[in-house]
There are 2 protein chains.
Amino acid sequence: MDKIEKIRTPALLINLAALRNNAESMIERACWHSLKLRPHVKTHKTLEGARYQLGDRFHAITVSTLAEARFYADAGYKDMTYAVPISPDKLDEAAYFTKNLDHFGILLDNPDIFEKVEAYALQNDVTFEVWVPVDTGNHREGVDPLSYDAIALVHQIFNSDVANFKGILSHAGHAYSCKSAAEIQNVAEDERSIMVVFANKLRRNNIACPAVSVGSTPTCVHGKYWEGITEIRPGNYIFFDLYMTSIGVCQHEDCAATVLTRVIGHYPKGNRMLIDAGALALSKDRGPIHINPDPGYGYIKENPNLKIHGLSQEHGFVSCQIQIDFKQYPIGSLLHIIPNHSCLTAALFPEYHVVEGDTVIDQWKPVRGW
Amino acid sequence: MDKIEKIRTPALLINLAALRNNAESMIERACWHSLKLRPHVKTHKTLEGARYQLGDRFHAITVSTLAEARFYADAGYKDMTYAVPISPDKLDEAAYFTKNLDHFGILLDNPDIFEKVEAYALQNDVTFEVWVPVDTGNHREGVDPLSYDAIALVHQIFNSDVANFKGILSHAGHAYSCKSAAEIQNVAEDERSIMVVFANKLRRNNIACPAVSVGSTPTCVHGKYWEGITEIRPGNYIFFDLYMTSIGVCQHEDCAATVLTRVIGHYPKGNRMLIDAGALALSKDRGPIHINPDPGYGYIKENPNLKIHGLSQEHGFVSCQIQIDFKQYPIGSLLHIIPNHSCLTAALFPEYHVVEGDTVIDQWKPVRGW
């Protein structure tokens, strides 16, 4: 097995011990609260990562692209939710998965689209499994749970001959705007209560609502009350990142994905260094700017005083508020960077190097594209 | 040939007519000023794109990764400059290319590294072709042209038995901070004069400086005076993007790369739509924030009043200062987005769809990784 010194940089390293710990903690949390864990695979997009996320207790996954659906279906996964609102152009493929897997859930929050989905289903002899996303405050997708239209849409789906209404689903992405565990707990409890109230409203309207699914790493880590929730769909926790550290969801040592980079330039006059991780290795995600308006582009584990203050395509610009001791960082020396946002960073790498300490023990190949 | 309606979105479309026009304009400009065009291929990373950039007048390229070097070497390219400062870990591969290609230039701005490169070269019987980058104000890589150390380093390289000093090279990345063609012309003239003064200083020190290479799309488009410059290395111009449009380097219709996306959600209450191009399709590059502090994440050609005000991994959030006419954008309908920064956006796509009008006429596969 190679040492990391042999790796072409930049590279994405996976600390297997941290990843396993993150995965097992979420499995335990789900089991403890009697929740079904349907982990999101979008953060890593690998077969190996999903295996750790599921353990031997769970089997269903959440995907963010049809490319992921294909990849995991080919590997034998039989139960997945495609957690992006469906559009008519994607129905052929959705129908294929619906027919060939045990469960393939689609998301639908619009009555016009539901008409098109119904027409398609009738014509193509398929019964879609439909989840209705609910906007619990994130203002991304979802019906307004206070609106009459929301009930009407679910009613229409529930009564359709070519749709199985699977349940309601939310993503409390606004938990990312929190600054502490206490704030995240409030968002989680808001989300839970909005979802449970809406599910009960459906039931009072004679609509069976078998599943109530929520998900976001911060709320799944810090949520205290789970009554009425049946399923969670977190994803980022498998790697965590600087963002999650900054809002109090994890510690630096929990961050399982780091970018390995090398120093490639010394500029003592400007008290600057260059590294070979640029925007194509770190992504230009700015991280938790609501906590620190200028956090830079990642956390250099070897010396948190160093700041990645800028990126060009293949260069990272490193500065420091105190004098850099350049002898500590000879050109060619390695640095480990916790990325601001591991989902976007990991997506930039054609493969991940899995490490135990300084030894590469495996390589994982993620799926890409759409 | 398929129509674009058949493409899975998000997708990267290349308008071949615009690309060809961009390529030919730069070739003409180089020929007119008797400059060698050594285009940077980092923006597209395809064989087809390089062919258009070079035309039948030029043959040498600039690469930003060793993966690009491998890819183009395998395709028969024999003359390239690897335009990122070399570090010791990359010498094995650099030596391989040096021995197997006609020309493989490396960048070196540090005397300690030059010592290591010399030791390596002696041990491995290779003579490296070395370019010395000069910092003309961008403060990325490069020697300080006013320093004695800069002359001393070039002297050392020039006199070495295991290095061929090829010339000096700069990248006026600070031209990106300009707001107009006139400002860019000033940066270009500053760069030219700094480089020519430094080259002449080397010559007065009995160092032959055969090549003086500069490059950046803005300065190569707007630079007026080229005396003393021998080579240009622009890259972004092949696609252009919203950034280049905003600083006056091109027009919207010159932008050859657009992200094709579909509307996947309507939220009239919030006057919002969702599209299926998220951060993994557009990149989180914020664009020309020195001109517009909140430009959003791209320019929707169908309606520039629409603003992509946020991105999650696979969702784009579209809003508008006036009421959106949702009937104009039914769910599933297509939108074309000029990205903020085409280099980072293109790098997210496993393939590009080349179009003439609404017809896909080709697919190009870029090289990825490092």
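What covers the buried residues of α3(B)? I started my notebook with that.

**Entry 1: ground rules.** I am reading a predicted model, where local features need pLDDT of at least 70, side-chain atom pairs count only at pLDDT 80 or more, and totals for chains, interfaces and linings use all residues. Residues are numbered from 1 along each chain as its sequence is written, while chains are lettered from A and ligands numbered from 1 in the order in which they are written.

**Entry 2: helix α3 of chain B.** I looked up α3(B), residues 66-74, and found E68(B), A69(B), F71(B) and Y72(B) as its buried residues. Buried means that 20 or more other C-beta atoms, placed from the backbone, lie within 10 Å of the residue's own. These residues sit on the same side of α3(B), because they cover an arc of only 165° around the axis. The arc is taken from the directions from the helix axis to the C-beta atoms. The cover includes α2 (47-54), β3 (61-63), β4 (79-85) and α4 (91-100) of chain B. Helices (H or I, at least four residues) and strands (E, at least two) are DSSP runs, numbered from the N terminus. After α3(B) comes G76(B), with a positive phi near 100°.

**Entry 3: the core.** I then checked the largest nonpolar core and noted 239 residues. Such a core is a set of buried Ala, Val, Leu, Ile, Met, Phe, Trp, Tyr and Cys residues joined through C-beta atoms within 7 Å. Among the residues with the most contacts inside it are Y82(A), V132(A) and V132(B). I followed V132(B). Leaving aside neighbours within four places in sequence, its contacts include L108(B), D109(B), V143(B) and I168(B). Contact means C-beta atoms, placed from the backbone, within 7 Å.

**Entry 4: domains of chain A.** The assignment, automatic or from a database, gives domain 1 (17-238) and domain 2 (252-364). Their centres, taken over C-alpha atoms, are 33 Å apart. I noted 14 residues of domain 1 in contact with 11 of domain 2. On the domain 1 side, α1(A) gives the largest share, 4 residues. That side divides into 4 nonpolar, 7 polar and 3 charged residues. Here Ala, Val, Leu, Ile, Met, Phe, Trp, Tyr, Cys and Pro count as nonpolar, Asp, Glu, Lys and Arg as charged, and the others, Gly among them, as polar.

**Entry 5: chain A against chain B.** Here 46 residues of chain A are in contact with 46 of chain B. The largest share of the chain A side, 4 residues, comes from β10(A). By class, I read 16 nonpolar, 15 polar and 15 charged residues on that side.

Notes: Two residues are in contact if their C-beta atoms, placed from the backbone, lie within 7 Å. A residue is buried if 20 or more other C-beta atoms lie within 10 Å of its own, exposed if 12 or fewer, and partly exposed in between; C-beta atoms are placed from the backbone.
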